[in-house]
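Me: Can you walk me through this protein? I'd like the overall layout, then some details.

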Amino acid sequence: MNDNHAQLCPSPEWAAFLQDEVLPALTGDVDLGDRMLEIGPGPGAATAWLRRRVSSLVAVETDADAAAALRDKYPDVEVRHGDGAQLPFTDAVFDSVGCFTMLHHVPTTEQQDAILAEARRVLRPAGTLIGSDSLASDELAEFHEGDTYNPLDPDTVERRLKAAGFARVDVRVHGWLGFIAHAPAGGAGA
Ligand SMILES: C[S@@+](CC[C@H](N)C(=O)[O-])C[C@H]1O[C@@H](n2cnc3c(N)ncnc32)[C@H](O)[C@@H]1O
């Protein structure tokens, strides 16, 4: 993460955006269940909100220092240092998975798709993935100077989620990209 992220991601303004706008919009009609996984929590703006809404929250963060800091901050969250594209869990062990503002930090489309496929794999039948990301713009590209910047094309997200095995996909664009996708009710082959 570059210095711009070091200032924005832990800020109260960013937490308010996620907690007052993004997460309520994504979870309004969604049952997160008891056991949730968050991929790419960073400093934990979404984690702080989600940990109060599920019985058990697990987070997988690829940056070792960020994972350690989050573990210290929220001892009730099981924070793992790892890669969302290679999740250290068996199949179908989560009721819900979330990933917020992290996919554009994943360098290739193939790695982004691997994260979506892993999210699908660890969800129980009919479990739910919720996600959000920033929309591409010149300003956002500038913000990421010296950092990974691989924004998603919103027009491809439904197709990519279905290719990852999700059913009932809802993609929304309203200043930011949001998506809700459900694992098939009948399990992996359904
Ligand atoms: C811009 S931050 C967003 C943090 C938080 N989700 C939020 O919205 O405030 C992106 C985070 O995703 C993490 N990340 C990037 N690639 C990842 C991967 N493959 N697996 C897990 N975490 C990853 C980064 O280390 C960083 O902490």
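Reply: Here is a short tour, starting with the whole chain. Keep in mind that this is a predicted model.

Me: OK. How many helices and strands are in the chain?
Reply: The protein chain has 7 helices and 7 strands. From the N terminus on, they run α-α-β-α-β-α-β-β-α-β-α-α-β-β.

Me: And how compact is the chain?
Reply: It is as compact as a globular protein of that length, because its radius of gyration is 15 Å, close to the 16 Å that the globule rule gives for 190 residues. The C-alpha atoms fill a box of roughly 45 × 40 × 30 Å. Buried residues make up 50% of the 190 residues.

Me: Now the sheet. What order do the strands have?
Reply: The order is β3-β2-β1-β4-β5-β7-β6. It is an open sheet of 7 strands, and the pairing is mixed.

Me: Which strands stand at the edges?
Reply: Those are β3 (78-81) and β6 (167-173). Each has a single partner strand, so one side of each is left without a neighbour in the sheet. From one strand to the next, the twist averages 15°.

Me: Who pairs with β3, and how?
Reply: Strand β2 (residues 56-61) does, through 4 bridges. The two run parallel. Valine 60 stands opposite arginine 80 in β3.

Me: Which helix touches β2 and β3?
Reply: Helix α4 (residues 64-73) packs on the sheet there. Its direction makes about 165° with that of β3.

Me: Switching topic. Which residues have the most contacts inside the largest nonpolar core?
Reply: They are Leu37, Ile39, Val97, Leu129, Leu161 and Phe166. This core has 29 residues. Helix α5 gives the most to it, with 4 residues.

Me: What does phenylalanine 166 touch?
Reply: Its contacts include Leu116, Ala119, Leu129, Leu161 and Ala181. Arg120 and His182 are also among them.

Me: What about a second core?
Reply: A separate one has 26 residues, including Val22, Val30, Leu32 and Ile130.

Me: Last one. Where is threonine 101, and is it buried or exposed?
Reply: Threonine 101 is in the loop between β4 and α5 (109-122). It counts as buried because its relative accessible area is 18%, and buried means under 20%.

Me: Which residues does threonine 101 touch?
Reply: Leaving out residues up to four places away in sequence, threonine 101 touches Trp14, Leu18, Ser132, Asp133 and Ser134.

Terms used
Residues are numbered from 1 along each chain as its sequence is written. This is a predicted model: local features need pLDDT of at least 70, side-chain atom pairs count only at pLDDT 80 or more; totals for chains, interfaces and linings use all residues. Side-chain values use heavy atoms; hydrogens and water are left out. Two strands pair if DSSP finds at least two bridges between them. Axes are lines fitted to C-alpha atoms, for helices over the stretch in contact, and angles run from 0 to 180 degrees between N-to-C directions. Contact means heavy atoms within 4.5 Å. Buried means under 20% relative accessible area, exposed over 50%, partly exposed in between (1.4 Å probe, protein chains only). A nonpolar core is a set of buried Ala, Val, Leu, Ile, Met, Phe, Trp, Tyr and Cys residues joined through side-chain atoms within 4.5 Å. The radius of gyration is taken over C-alpha atoms; the globule rule is 2.2 Å times the number of residues to the power 0.38.
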